[in-house]
Amino acid sequence: MDKNYLLLIFSLWALCALCKPTEKKDRVHHDPQLSEKLHDDSQSFDYDHDAFLGAEESKSFDQLTPEESKERLGIIVSKIDLDKDGFVTEGELTAWIKKTQRKYVYDNVERQWQEFDMNQDGFISWEEYRNVTYDDPDPDNSFNYKQMMVRDERRFKMADKDGDLIATKEEFTAFLHPEEYDYMKDIVVLETMEDIDKNADGVIDLEEYIGDMYNHDNEADEPDWVKTEREQFLEFRDKNRDGKMDKEETKDWILPSDYDHAEAEARHLVYESDQNKDGKLTREEIVDKYDLFVGSQATDFGEALVRHDEF
């Protein structure tokens, strides 16, 4: 078996073993905030910069002159305008922000791509992935080797849209990060239920739900958050009040339909930059409000705020 994979499994096991019984495990895949910074345009545009560029790229713009920032921003605008009609719509801006925020996913895929594409043909077959990951079977290992391989193969097949057992980079991304793809959400739910459903009856009961997050036997000593989770299960998770969560109820729990931060930010940027109020942005409108989208070393926020309030 691939040594890196074994190290990852062992690390996760060690982490679970060392966790205090009062610590909470969170299986919910939240729609993440776009920046750790406060979104308050009366104080700074830092949140907007992080949302539009990503936190790391945003820092690089802070070292540029206004002229350099505007020039690089103009290049970015041409990438956002997918249909090349000379305008950036709210939808195109939303797609750009989501792509920017998912950069960590693509970086992770790039790091693994060379390891698994053994014949360097630009694809990764299930055989290649299996041979690298499960290259040294050990029937005595404690990680249930065969079960992990079967589970990986099932997920690989789900990600492989055309069913040829050969993954493109996008399909391989869906395999590694299924929570990022709508068509992979069922496998995320299935794997979660398999992890929690200890009696294998196809549903998650209250004790299985609590047991997944909390490993203490004495209910009298439960911390407050565990009591709250019991109430959440009874009042909100178990929607039909039958004492257990089925597939749909589990999906509502771990993949909630959260507020779309990228869409809200795109709407905000269009509203603040759309000088003629036609609902879309030209390159000139965006560059004119460059301080809202990107930073620079010479940006005077007080001056920028005055121009920001003029529209």
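Where pLDDT is low, the predicted coordinates should not be read in detail.

For the protein as a whole the mean pLDDT is 85, and 81% of the residues reach 70 or more. Because this is a predicted model, local features need pLDDT of at least 70 and side-chain atom pairs count only at pLDDT 80 or more, while totals for chains, interfaces and linings use all residues. Residues are numbered from 1 along each chain as its sequence is written, and side-chain values use heavy atoms, with hydrogens and water left out.

## Overall make-up

The protein has 17 helices and 4 strands; these are DSSP runs numbered from the N terminus, helices being H or I with at least four residues and strands being E with at least two. Of its 311 residues, 41% are buried, where buried means under 20% relative accessible area, exposed means over 50% and partly exposed lies in between, with a 1.4 Å probe and protein chains only. Among contacts with a separation of 6 or more, 60% join residues 24 or more positions apart.

## Nonpolar cores

A nonpolar core is a set of buried Ala, Val, Leu, Ile, Met, Phe, Trp, Tyr and Cys residues joined through side-chain atoms within 4.5 Å. The largest such core has 34 residues, of which Tyr 129, Phe 172, Phe 175, Tyr 209 and Trp 253 touch the most other members. At least two residues of this core come from each of the helices H6 (103-116), H7 (126-133), H8 (145-159), H9 (169-176), H10 (185-196), H11 (206-213), H12 (224-237) and H13 (247-254), and H10 gives the largest share, 5 residues. Apart from this core lies another, of 26 residues, which includes Leu 34, Ile 76, Val 77 and Leu 281.

Phe 175, leaving aside its neighbours within four places in sequence, is in contact with Tyr 129, Asp 152, Arg 155, Phe 156 and Ala 159. Helix H11 is mostly covered, with 6 of its 8 residues buried, namely Leu 206, Glu 208, Tyr 209, Ile 210, Asp 212 and Met 213. The elements that cover these buried residues of H11 include H10, E3, H12, strand E4 (244-245) and H13.

## Packing of H2 and H14

Helix H2 (residues 46-53) packs against helix H14 (residues 261-273) at an angle of about 115 degrees, with the axes 11 Å apart; axes are lines fitted to C-alpha atoms, for helices over the stretch in contact, and angles run from 0 to 180 degrees between N-to-C directions. From H2, Tyr 47, Asp 48, Ala 51 and Phe 52 meet Glu 265, His 268 and Leu 269 of H14.

## Positive phi in two loops

Leu 165, although not a glycine, has a positive phi of about 60 degrees and lies in the loop between H8 and strand E2 (166-167). Because its relative accessibility is 32%, Leu 165 counts as partly exposed.

Ala 200 is not a glycine either, yet has a positive phi of about 55 degrees, and lies in the loop between H10 and strand E3 (204-205). At 65% relative accessibility, Ala 200 counts as exposed.

Notes:
Contact = heavy atoms within 4.5 Å. pLDDT = per-residue confidence, 0-100.
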